[in-house]
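Dear colleague,

I am passing on the structure we spoke about, with the sequence alongside it.

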Amino acid sequence: MASIDQLTERFLTYNKMYCYNQREQTFVDWPFREDCNCTPEKMAKAGFVHCPSENEPDVACCFFCLLELEGWEPDDDPGSEHGKRSPNCGFLLKNKDYTELTVSEYFNLEKDRLKTYINRIIRKKIVEMCDEADRILEILKSMLERE
Ligand SMILES: [Zn+2]
């Protein structure tokens, strides 16, 4: 799972990933290449960018909705996996090559991408706050038990 800093880094740099070729070029070390459904071409076509880490070599992230998926199987279809897990992704719903977008469509997509990013960050912050509240509650309980 990406941290807030990683999500922010991705959001800020993935504006260039509207371009299929840019996405496809990130899959140089992708483990699935032939005789399978999730080739670099199909991954990039479905909006994914390869963003591996040391422990997770097959992490792919949608440049638009920042959905992160790992544990790919050769038979997985990138487009339908993306659609199943992020049905409101603006990139999937638009289904148009970026070179065919009007300026107005592009800015509306960027607005949608920003909104999606902010929602993901807020959800992560809420989880962090709940964890912190639980931690403080445990400390207070143990203090009361000592008295
Ligand atoms: Zn997406």
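The chain, which comes to us as a predicted model, has six helices and three strands, and along the sequence these follow the pattern α-α-α-β-β-β-α-α-α. The radius of gyration is 19 Å, well over the 15 Å that the globule rule gives for 147 residues, so the chain is more spread out than a compact globule. Taken along the principal axes, the C-alpha atoms fill a box of roughly 70 × 40 × 25 Å, and 22% of the 147 residues count as buried. Among contacts with a separation of 6 or more, 50% are accounted for by residues 24 or more positions apart.

Helix 6 covers residues 103-146, and Val103 is found in it. Val103 counts as exposed, because it has 7 C-beta neighbours inside 10 Å, where 12 or fewer is the cut-off for that class. From Val103 to Ser142, which are 39 residues apart in sequence, the C-alpha to C-alpha distance is 59 Å.

The axis of helix 1 (residues 4-13) comes within 10 Å of the axis of helix 6, and the two cross at roughly 175°, which makes helix 1 roughly antiparallel to helix 6. On the side of helix 1 the contact is made by Ile4, Leu7 and Phe11, and on the side of helix 6 by Tyr117, Arg120, Ile121 and Lys124.

Terms used:
Residues numbered from 1 in each chain as written. Predicted model: local features only at pLDDT ≥ 70, side-chain atom pairs only at ≥ 80, totals over all residues. Helix = DSSP H or I, 4+ residues; strand = E, 2+ residues; numbered from the N terminus. Rg over C-alpha atoms; globule rule 2.2 N^0.38 Å. Buried ≥ 20, exposed ≤ 12 C-beta atoms within 10 Å, placed from the backbone. Contact = placed C-beta atoms within 7 Å. Axes fitted to C-alpha atoms, helices over the stretch in contact; angles between N-to-C directions. Parallel < 35°, antiparallel > 145°, perpendicular 65-115°, else oblique.
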